[in-house]
Amino acid sequence: MLGRLGASLNALSTRFSKNLQVRTNSTAQLTESGMLLDGRQLLHVETRNMCRCEKCLGKHSHTRPNLPFQGSNFPDVRAEEIGRVSDNFVSVRWSDGHEGLIARTFRGDYGPEPLASRVENLTDIIRRRNSEQIFWTGSNPEEQTKFWDWNWVVESSDNTREFLIHYIRYGIGFLTNIPLHLQMRDIVHDGLGIVRAIRKTVFAEVDLVRFQNNPTNAGYGTGGLPGHTDLAYYNQTPHVQFFHCLENTVDGGESFWVDAFSVIREMQETVPELVERLSDIPITFRYTPPGTGVFHLTNHPVVQFDKLNGDIHQVIDHPWSMDTAMFARTHPLETRIKWWEAYLHYRSLIEDGSRTYTRFLRGGEFVVLDNWRVYHGRKEFTWKEGQERVVATSYMDWNHMASRIMSTEVGDHVFLEIDQH
């Protein structure tokens, strides 16, 4: 399909390279392949897909009920004439007879303030570009371990947004002074305003992690848990993780966190060939507790990079769910030797205590974690009758976090200003 599309684009460019009536102004100019608009080269088909008139883009949905593409047929649509140019739009007539307009600015594409500024200034943040992130180790914990007062964070939408942006930059955010009567949904949905966000997993929407005899998950025991990311055995691992400490009266059981992106960046500079192995070779993870009706098994590389820009994008690592037996069955010996060399070096850095921030969580404290970036773990603790260590955990997909930062408030209808062109 992509090959036919590329061939069609080339053919279209050639087909209309002759006898094209060119109309220019200071900002927009028709070219052989499409239009040069404020220094951006757009293809003919892109200009048609970018039409912002209400016939092409739903006013209340901002989606397109009709595209010039239909199946594998590539239409002979081209921009033929440029009309009025305003601050945010340029009028265009296409060869299919349609007259509409395309945007020149973020305001034209996404709507008036505050949306325009948010798209222009915060898009790289919600895309988790490494250039917007601050990598950290345990030796410089001041900013990433800052505790934000709950009452201040929920005082205004701007305060909430400031906290969430801080969380994105560091991969972790701490809240304190949360009233003890508030539950997970109260905090996430009502307090932080991330509506309809909690993702149901095999552990339900909200899982209470507390001591159990004969636990079906290592988290329900008293032993220490090495640094890890959660739910590695899911095809699509949850991105955002919430921890709400409800009670903690045991001896030990300190929580700790490690910024894996900091480790990978160091390895890129010192042993790039090992990073390449961790990103090229997938391994198997599984969660199959007997008698529960659960059998989760999937494959992931430990490290994933953004294919668009090469940024570190995600880490997936859950040591006690790693299915080494399946890995040995599915990969040749030479590949496994190389992978284990890379992984053991990586784990030695992850487990280096100088990279770790450790804290004994108290009741009323809340942690928002980037499960694609920051490892979490727990020290061993001693459980005695009458003592409790109860931490509620939940997950959320990234789109909800991005929506909370970028969108206007619920009920605030911000429409494109095409009538002002």
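View 1. Strand β2 (residues 34-37) and strand β3 (residues 40-43) run antiparallel and are joined by four bridges. The model is predicted: local features need pLDDT of at least 70, side-chain atom pairs count only at pLDDT 80 or more, and totals for chains, interfaces and linings use all residues. Residues are numbered from 1 along each chain as its sequence is written, and side-chain values use heavy atoms, with hydrogens and water left out. Strands (E, at least two residues) and helices (H or I, at least four residues) are DSSP runs numbered from the N terminus, and two strands pair if DSSP finds at least two bridges between them. Two residues lie between β2 and β3 in the hairpin, and Asp 38 in the turn has a positive phi of about 50 degrees.

**View 2. The side chains of Thr 47 and Trp 94 are joined by a polar contact of 2.9 Å.** A polar contact is a pair of N or O atoms within 3.5 Å; within protein, one must be able to donate a hydrogen and the other to accept it, and residues adjacent in sequence count only if both atoms are side-chain atoms. Thr 47 belongs to helix α2 (residues 44-49). Its relative accessible area is 0%, so Thr 47 is buried (buried means under 20% relative accessible area, exposed over 50%, partly exposed in between, with a 1.4 Å probe and protein chains only). Not counting residues up to four places away in sequence, Thr 47 touches Met 35, Leu 42, Ala 79, Trp 94 and Ile 102; contact means heavy atoms within 4.5 Å.

**View 3. Helix α4 (residues 115-126) packs against helix α6 (residues 157-170) at an angle of about 35 degrees.** The two axes are 10 Å apart; axes are lines fitted to C-alpha atoms, for helices over the stretch in contact, and angles run from 0 to 180 degrees between N-to-C directions. From α4 the contact uses Arg 118, Leu 122 and Ile 125, and from α6 Arg 161, Ile 165, Ile 168 and Arg 169. Four of the contact residues are nonpolar, none polar and three charged. In this scheme Ala, Val, Leu, Ile, Met, Phe, Trp, Tyr, Cys and Pro count as nonpolar, Asp, Glu, Lys and Arg as charged, and the others, Gly among them, as polar.

**View 4. Leu 122 of helix α4 lies 9.6 Å from Ala 402, C-alpha to C-alpha.** In sequence Leu 122 and Ala 402 are 280 residues apart. Leu 122 counts as buried because its relative accessibility is 14%. Leaving aside neighbours within four places in sequence, Leu 122 is in contact with Ser 117, Ile 165, Ile 405 and Met 406.

**View 5. The largest nonpolar core has 36 residues.** A nonpolar core is a set of buried Ala, Val, Leu, Ile, Met, Phe, Trp, Tyr and Cys residues joined through side-chain atoms within 4.5 Å. Met 267, Leu 278, Val 315, Trp 339 and Tyr 346 have the most contacts inside this core. Two or more residues each come from α8 (260-270), α9 (272-280), β15 (283-287), β18 (312-315) and α11 (333-350). The most, six residues, come from α11. A second, separate core of 33 residues includes Leu 122, Trp 150, Phe 242 and Ala 402.

View 6. Thr 284 counts as buried because its relative accessibility is 1%. Beyond four places in sequence, the residues touched by Thr 284 include Leu 297, Ser 321, Met 322, Asp 323, Met 326 and Phe 327.

**View 7. Four strands form an open sheet in the order β11-β21-β14-β19, with antiparallel pairing.** β11 (225-228) and β19 (356-359) stand at the edges with a single partner strand each, so one side of each has no neighbour in the sheet. Neighbouring strands are turned by 15 degrees against each other on average, direction ignored. Within the sheet, β14 (residues 255-259) and β21 (residues 374-378) run antiparallel and are joined by five bridges. Phe 256 has Gly 377 in β21 as its bridge partner. Helix α8 lies across β14 and β21, running at about 35 degrees to β14.
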